[in-house]
Amino acid sequence: CLGVFTHYFMFVHIAAQGLYVILFDRLSLKKFTRITLLGISPFIFWIPTFMIQLETSRQLLQAWPGWTQVSNAGFMRFPGLVLAKFTVGMISPEPRWLYGLSVAITGGIVAWVLWIFFAKMRTAKTPSAPAILTLAMWILPLSIAWIGGIFISASSPWRIQFALPGLYSSVAYAHWISRNSKPYIHRITTVFVCILLIQNLIWTSQYLLDETFHREEWRSAVAYTDERALDSQAIVLSEFTGPWAPMAWYSQSFQAYRGGSTEQRMNPESVQASLADVSSDKIILYTYLFELSD
């Protein structure tokens with residue numbers, strides 16, 4: 001219940017769980033269905049808001065065709081981008097060769113883990129339930145999001161980071177079951193686990209300590225434009241139909257903020273209509289997302 005009110009991709013997670021139950025645990029299907037329906041039933045009250053958001057998104061895609069490239073990785077690029085973001089997180093580090101090498105190493109570790117799992121399954125009389133579960137925790141949601149991206153422009157890798165714990169669980173379980181394999185297999189797996197931990201420490205530290213990788217610093221930006229709007233009686237424009245939400249959240253002089261266009265698809269007429277009543281000759285313009293809107 002909390003998940004579906006946190007992020008819409010929780011439904012991808014629920015679908016993955018349902019698919020796992022259908023494929024590997026059909027005896028629990030009735031129980032799973034009953035609990036799931038009970039858990040998501042409060043979402044009914046959110047459906048009107050969801051429909052409004054859906055229509056807004058549709059209009060935005062029509063007005064800003066480039067938004068599709070931002071919100072959707074593309075079918076062919078999806079696996080590589082997911083692997084990249086699972087390696088370095090929400091950054092694009094330099095130098096690029098080191099970035100690429102790190103992603104390639106992670107890809108090799110994933111391939112090694114899958115080999116250990118399938119080798120174990122071939123020798124076992126029955127598939128290991130923990131092995132199947134840990135694989136399903138990340139393979140199923142990624143597969144659903146990948147295929148769903150064909151129909152819905154929302155399969156950006158950052159939206160499915162919830163699958164990462166499943167991948168780490170698979171790595172940890174592969175290391176545990178490799179103890180019963182040949183010694184060199186266990187040693188290689190141990191080295192791979194250490195490399196994965198080191199990569200996590202490096203890229204997480206770079207994200208936390210390097211401000212260039214942080215999210216937009218709206219608080220300082222709005223404080224800066226607040227001061228100048230107050231001093232010079234200027235108006236502050238966004239390249240949108242209204243002020244951006246962080247402006248409303250942080251501004252102490254919000255009356256100075258307004259949209260620079262009457263339509264999302266900007267043109268000289270929409271800008272002129274929005275600014276027709278402006279008397280000030282001092283204007284501060286935020287060019288945020290201008291590559292898409294203007």
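Where is Pro95 found? Pro95 sits in the loop between α5 and α6, and the points below start from there.

1. **Ground rules.** This is a predicted model, in which local features need pLDDT of at least 70, side-chain atom pairs count only at pLDDT 80 or more, and totals for chains, interfaces and linings use all residues. Residues are numbered from 1 along each chain as its sequence is written, and side-chain values use heavy atoms, with hydrogens and water left out.

2. **The cis bond.** The peptide bond from Glu94 to Pro95 is cis, and its omega is near -5°.

3. **Overall make-up.** The protein contains 13 helices and three strands (DSSP runs numbered from the N terminus: H or I of at least four residues for helices, E of at least two for strands). Its C-alpha trace spans about 80 × 45 × 30 Å along the principal axes. The radius of gyration is 24 Å, whereas a compact globule of 294 residues would have one near 19 Å; it is taken over C-alpha atoms, and the globule rule is 2.2 Å times the number of residues to the power 0.38.

4. **Helix α1.** Residues 10-24 form α1, which has 15 residues and reaches 21 Å, close to the 21 Å expected. Among its buried residues are Val12, Ile14 and Tyr20. The buried residues of α1 pack against α2 (29-40) and also α7.

5. **Two positive phi values.** Gln233 is not a glycine, yet its phi is positive at about 55°. Gln233 is placed in the loop between α10 (218-232) and β1 (235-238), and at 59% relative accessibility it counts as exposed. Leu289, also not a glycine, has a positive phi of about 65° and lies in the loop between β3 (283-286) and α13 (290-293).

6. Buried residues make up 34% of the 294 residues. Of the contacts between residues at least 6 apart in sequence, 66% join residues at least 24 apart.

Conventions
Buried < 20%, exposed > 50% of the residue type's maximum accessible area, 1.4 Å probe, protein only. Contact = heavy atoms within 4.5 Å. Expected span 1.5 Å × (residues − 1).
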